[in-house]
Amino acid sequence: GEVAELMNLLKNPNIDKDPKKKKDIIKRVIAYMTLGVDVSKLFHEMVKASYINDLVTKKMVYLYIVNYAEQSDAAFLAVNTFLNDLKNDNAKIRGLALRNLCSLKFKGAYEYFVKALYDSLKDPHPYVRKTAVLGMLKVYKLNPKLISEKDIDTLYELIKDADPMVVSNTLFVLNEILKEEEGVAVTYKMVKHFLNFISEFNEWGQNIILELLSKFKPKDEEQIIFILNNLEEKDFLKHSSTSIVLATCKVFITFTKDKNLYQHVVNRIKDPLITLLSASEMSGNHEMSYIILSHLLLIIKDGKQESFYSYYKKFYTFVEEPFYIKKLKLDILVELCNSNNFNEILSEIEEYANDVNLKFAKYAIEAIGELPMKVNESLDSVVNLFKKFLGRNVDYVICESVAVLQNLLRKFPEKIEYFNDLFENALQTINSDSRGLSSLVWIIGEFGEHLDYAPYLIENLLDSYTESESNELINSILLASCKLFFKSPGEMQEILSRVFDFIFTNFSDVDLRDRATYFYNLMKADLEEAEYIICGEQAKVENFSDNSNLQVPKLFLEFNSLSVLYCKPEEKFVKKYMEEEDFKKDKEELEENYKEGLNEEESTTKEDPEPQFEIMKYEKSNLSGKAIMNQTEYQELKESYTKGGSKEFINIPEEIDVEEFTKYLSSENIFVSSFTEEGKTLNMQLYSLDTTNNTYILSQLELDFNQSKMLFEVRHSNSEVVENYLEYLLQVFDPLISKGQT
């Protein structure tokens with residue numbers, strides 16, 4: 001219907017006389033193609049339609065040709081069409097033809113466009129040269145072996161091109177091709193050349209050049225000052241683009257990080273970054289604010305807090321800001337807290353604890369607990385504030401406060417006296433939060449001698465304990481009870497006995513029961529030794545480790561990248577090898593297509609030889625008795641095994657004790673990965689480890705008691721291993737099938 005109608009319209013000579021009508025018909029063809037309608041029958045007519053000078057029409061025709069060239073027997077017509085258009089006087093048409101020519105994927109395409117690609121690198125128009133450079137990258141992505149050293153030299157020559165767009169794309173392509181060699185090799189002569197012409201590049205090109213400059217290794221301080229002065233004179237730190245400012249900051253920081261100039265550099269770049277932050281806040285661009293704040297936090301964490309002390313009010317949050325912005329600002333405020341400003345910062349964060357966003361309110365309470373770790377003078381103010389928090393009747397405030405106090409009291413244990421009369425009320429408020437309860441129980445056990453009501457709190461917790469509570473809480477109760485026993489033995493003896501009895505009666509968790517057994521036996525054997533072990537003097541906590549600070553030196557090497565936003569180096573979140581199977585298969589197929597089109601012979605990749613196995617008669621002795629495999633590993637291995645064999649028996653017993661049967665199989669070094677029962681049918685996935693060849697052998701057993709039938713199947717990569725293991729299974733199942741028939 002529709003395709004036949006379009007065929008007739010394209011063949012109509014009158015349509016050729018009206019370019020507008022022809023364009024409308026081609027639009028319909030493209031519309032059908034995008035909807036998934038097969039319009040490949042129009043290939044010849046669409047190729048003919050390409051002989052037109054209208055650029056929009058050509059783009060549509062080229063889109064069609066590239067899409068169907070692989071499926072058509074006349075694919076070489078497409079090549080000739082593009083090659084003819086490469087001789088067109090219009091540079092846009094030449095560039096468009098080259099771009100689509102390099103996109104062809106059918107067998108042998110490479111040998112047709114390789115000459116055109118190299119010729120286009122010398123085209124008089126920069127648009128065509130730029131397209132040719134990107135074509136080189138397409139070839140490299142499909143098969144890296146097709147790019148020779150001579151091609152690399154040609155691309156290096158194009159760095160001297162007079163057109164900024166050609167240079168930008170050449171640098172980008174070289175960085176991709178030479179990624180394993182850390183990109184383009186930068187010389188001082190190249191640096192001076194780029195600095196002279198960098199203003200002529202667009203924003204994207206300037207970013208590429210600034211990234212290139214950051215990789216340059218200056219020989220002396222004179223070269224450093226020359227480069228930094230040049231960038232400052234060109235006002236790159238005052239640029240309206242955040243990416244340009246951050247790229248410039250990276251150059252400044254990279255060149256001076258380990259030198260005396262670094263402090264001066266931080267003082268120089270802080271104002272542009274703060275200005276950019278204010279501009280992004282005024283425009284409501286939260287994403288840009290997040291990027292700038294992340295980089296500011298990195299610089300501040302590097303020990304440069306003093307440069308930003310006077311700017312701390314710039315990091316106060318606004319009501320309309322999202323959580324991720326508020327969180328970063330709060331982190332910066334904590335870092336900028338000092339003996340002169342801690343009262344103002346503490347008052348500001350106290351307001352955040354009342355935020356309507358509970359997540360941020362909890363984070364603010366946690367931040368308050370960090371202030372004394374950084375500024376000792378703030379300790380009394382923070383303690384008084386937590387007393388105020390514990391006096392409120394708000395569950396999340398009390399819960400988070402108790403959790404923070406757990407750490408605070410580890411560093412400042414003498415402050416426990418301020419909270420003696422508050423924890424009893426806190427227990428009633430947070431009785432549904434496991435984290436808060438666990439922290440409170442830890443405090444009770446650690447400072448029970450200061451809390452007269454401590455034993456009764458433990459007793460109340462036991463009385464109200466429910467199955468929904470986490471094991472973390474009962475672990476805390478166990479340890480706290482043991483500690484309190486040595487501080488108040490008379491009151492705790494009966495309660496401790498209840499705790500042990502409660503654990504042994506109600507819990508099956510092995511770790512918990514082992515811990516309880518250990519404490520019980522320890523106290524039964526020697527009370528003095530038990531007291532030394534359980535209540536022994538602990539070293540005072542000086543500082544809590546911050547893992548994010550450990551990454552700071554690495555993150556500076558990847559400044560102005562996603563690493564700063566994720567707070568971890570590139571290696572932690574970028575996969576080196578693509579794992580998408582469809583993409584892998586497609587790429588391998590394309591590489592094969594290109595190889596077949598080469599004039600020169602190329603060595604082909606040989607398949608890995610099939611592993612050699614020592615073939616033997618299986619017995620219990622050459623199978624491991626300690627093999628372990630979960631169900632996921634079983635399924636993955638099963639999919640990779642291609643060889644299989646099976647046997648079927650009838651007249652098996654009407655029922656089998658599954659537990660006894662499993663034990664029997666284990667005694668023969670055959671282990672169960674999983675099993676399912678459906679009515680009178682039992683399915684078992686079994687495996688054994690061949691210790692001689694260090695390889696797993698898989699088997700599946702199906703017992704149908706309705707039909708008194710048993711089927712077992714063996715899978716492995718080697719057919720002889722399959723046959724021999726089947727014989728072994730026959731021996732193992734002999735007691736079960738001795739009365740059956742094969």
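A salt bridge here is a side-chain nitrogen of Lys or Arg within 4 Å of a carboxyl oxygen of Asp or Glu. By that rule, Lys-141, Glu-176 and Lys-179 are linked in a network of salt bridges. The model is a predicted one, and a search of the whole structure finds 29 salt bridges.

**The chain as a whole**

- The protein chain contains 37 helices and five strands.
- Of its 742 residues, 48% are buried.
- The chain exposes about 39300 Å², and 48% of that area is supplied by carbon and sulfur atoms.
- Among contacts with a separation of 6 or more, 66% are made by residues 24 or more positions apart.

- Asp-331 and Lys-327 form a salt bridge through their side chains, with an N to O distance of 3.8 Å.
- The two residues are four apart in helix H18 (residues 323-336), so about one helical turn separates Asp-331 from Lys-327.
- Asp-331 counts as buried because its relative accessibility is 18%, and the cut-off for buried is under 20%.
- Lys-327 has a relative accessibility of 30% and therefore counts as partly exposed.

- The side chains of Arg-498 and Asp-463 meet in a salt bridge at 2.9 Å, N to O.
- Arg-498 is partly exposed, with a relative accessible area of 33%.
- Asp-463 is exposed, with a relative accessible area of 53%.

**Salt bridge of Lys-160**

- Lys-160 pairs with Glu-157 in a side-chain salt bridge of 3.9 Å, N to O.
- Lys-160 counts as exposed because its relative accessibility is 61%.

**Negative surface patch**

- Glu-149, Asp-153, Glu-180 and Glu-181 form a negative surface patch.
- One of these residues, Glu-180, sits in the loop between helix H11 (164-177) and helix H12 (188-197).
- The relative accessibility of Glu-180 is 83%, so Glu-180 counts as exposed.

**Asp-151, a buried charge**

- Asp-151 is part of helix H10, which spans residues 149-158.
- Asp-151 is buried yet has no salt bridge.
- The nearest side chain of opposite charge is that of Lys-150, which lies 7.0 Å away; a salt bridge requires nitrogen and oxygen within 4 Å.
- Not counting residues up to four places away in sequence, Asp-151 touches Tyr-118, Met-136 and Leu-146.

**Thr-242 in helix H15**

- Thr-242 lies in helix H15, which covers residues 242-256.
- Thr-242 counts as buried because its relative accessibility is 9%.
- Leaving aside neighbours within four places in sequence, Thr-242 contacts Leu-276, Met-288 and Ile-292.

Definitions and conventions: Residues are numbered from 1 along each chain as its sequence is written. This is a predicted model: local features need pLDDT of at least 70, side-chain atom pairs count only at pLDDT 80 or more; totals for chains, interfaces and linings use all residues. Side-chain values use heavy atoms; hydrogens and water are left out. Patches are made of residues with over 30% relative accessible area and no salt bridge: like charges are joined within 9 Å, nonpolar side chains (Val, Leu, Ile, Met, Phe, Trp, Tyr) within 5 Å. Accessible areas come from the Shrake-Rupley method with a 1.4 Å probe; for residues, only the protein chains shown count as cover. Lys and Arg count as positive and Asp and Glu as negative; His and the chain ends are not counted. The place of a charge is taken as NZ of Lys, CZ of Arg, CG of Asp or CD of Glu. Buried means under 20% relative accessible area, exposed over 50%, partly exposed in between (1.4 Å probe, protein chains only). Contact means heavy atoms within 4.5 Å.
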